[in-house]
Amino acid sequence: MTRPGEAWQNWGRSASVRPVRVERPRSPEGVQRAVKAALAQGLTIKAVGGSHSFTGIAVAPGVLLELDDLQGLVSADAASGLVTLLGGTRLHRIPKLLAPYGLAMQNLGDIDRQSIAGAVSTGTHGTGARFGVIATQVRGLTLVTADGEFLRIDAEHNAEMLPGAIVGLGALGIIVDVTLQCVPAFQLHAVDAPVPLDDALETLHDRAAEADHLEFYWHPHTDVALMKTQTRLPESARRHPRPPLRRWVDETLLANGVFGIFCATSRFAPAMIPPFNRLAVRLTGDAEYTDRSHRVLIHDRAVRFREMEYAIPAANVVPAFQAIRRLIEERRWRIEFPIEVRFAAADDLWLSTASGRDSAYIAVHRYWRVDPRAYFDAVEQILLDAGGRPHWGKLHSLDDAQLRDRYPRFHDFVSLRDRLDPGRLFGNRYLERVLGA
């Protein structure tokens with residue numbers, strides 16, 4: 001389906017564009033036709049999945065490809081765990097697609113609105129010091145390249161490209177399918193508990209090493225960390241999910257309904273933020289339950305926000321966090337959104353934020369109607385000094401000159417891009433900024 005361009009904006013309302021036209025292909029061949037048409041007409045072309053990146057990485061001034069109809073299971077092998085999905089498949093649909101095969105994704109982030117192609121292309125991650133970012137689950141993918149042809153990249157085809165192409169930023173072509181290494185379905189035993197912040201920081205590395213998955217949230221203006229610890233159990237383990245009413249109260253009423261009203265109101269009355277945050281840590285974050293992996297890892301985020309997140313060497317996480325804590329106190333800012341800390345294992349993907357090093361992630365947020373620049377700029381400098389690499393899909397200020405020294409294989413990626421898209425058919429201003437003109 002093709003229609004004239006209409007205004008597009010991302011979920012966080014931090015990027016927008018009016019493309020020349022919008023196309024909605026229903027098959028890989030439809031993507032191929034759209035790419036060839038854009039090339040013939042001298043238009044750039046970009047794919048959009050869930051529109052959940054906060055940067056301009058998906059902005060498409062020429063042809064915008066909506067991948068909403070390019071979803072579903074291509075193939076699955078229960079014995080090997082290899083599963084191929086169409087590139088536009090949303091993460092929240094995958095558990096149901098895998099269930100008949102007794103499989104699950106090894107790890108997930110805490111939001112599942114993204115497409116699988118977008119999630120791996122931007123280096124989206126969950127948490128767990130022994131587990132990599134979502135892209136490390138990829139064993140192959142198929143691109144439509146700038147010449148309008150299909151290019152298979154996996155262990156048997158163009159294997160030398162694979163570590164560069166997985167976290168490809170949408171700069172190498174349009175991903176039409178992704179092959180994942182899945183694992184037997186499992187459950188997670190979750191313990192959510194408030195912990196004194198100083199104790200949480202003092203024991204953080206031990207906690208992260210001992211747990212399968214660990215993260216914590218800190219509401220500024222409080223002295224409590226909301227610690228979330230999860231242990232993997234076999235699918236046969238007995239489930240003890242949160243009661244439906246408790247889940248509704250925690251996620252729908254408090255975390256989204258009441259919190260949304262608070263965020264909207266606090267713009268005009270920032271003095272209410274510290275007492276509300278102190279109340280929030282008393283009302284939430286204390287639970288124990290066992291449920292299917294995706295039901296534990298994923299959270300419903302209905303309150304719109306903007307986010308900046310940096311990966312830093314895991315060893316630097318506590319001093320960096322403490323510096324942010326002092327910054328908020330010294331500037332006397334009133335910050336309504338919690339700060340989130342997560343972990344990921346090192347990998348060998350060229351543009352993964354965890355490339356070559358075990359990493360911790362510190363994410364800061366602001367309500368979408370609040371100007372985040374002063375806060376984000378100051379926090380960004382702390383995280384850069386700690387050896388930070390910005391999440392490709394979240395707000396940051398870096399350009400290619402600053403990024404190339406932070407990635408040992410940056411030059412190799414740019415060379416691969418020159419090879420696959422010399423005319424920058426898949427380019428836009430964001431990619432020009434972070435990869436060079």
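A residue is called buried when its relative accessible area is under 20%, exposed when over 50%, and partly exposed in between (1.4 Å probe, protein chains only). The model is predicted, so local features need pLDDT of at least 70 and side-chain atom pairs count only at pLDDT 80 or more, while totals for chains, interfaces and linings use all residues. Residues are numbered from 1 along each chain as its sequence is written, and side-chain values use heavy atoms, with hydrogens and water left out.

Start at helix α7, which spans residues 244–266 and has a kink of about 35° centred on L253. The bend at a residue is the angle between axes fitted to the seven residues ending there and the seven starting there. Helices (H or I, at least four residues) and strands (E, at least two) are DSSP runs, numbered from the N terminus.

The buried residues of α7 include D250, N256, F259 and F262. Among the elements that cover the buried residues of this helix are α8 (273–283) and β20 (359–367). L245 also lies in α7, but L245 counts as exposed because its relative accessibility is 63%.

Strand β20 leads on to the sheet. Eight strands form an open sheet with antiparallel pairing, in the order β17-β14-β16-β15-β19-β20-β18-β21. The edges are β17 (287–292) and β21 (389–390); each has a single partner strand, so one side of each lacks a neighbour in the sheet. Two strands pair if DSSP finds at least two bridges between them. β21 pairs with β18 (residues 305–313) in the antiparallel sense over two bridges, and R389 in β21 is the bridge partner of A311.

Notes. Contact means heavy atoms within 4.5 Å.
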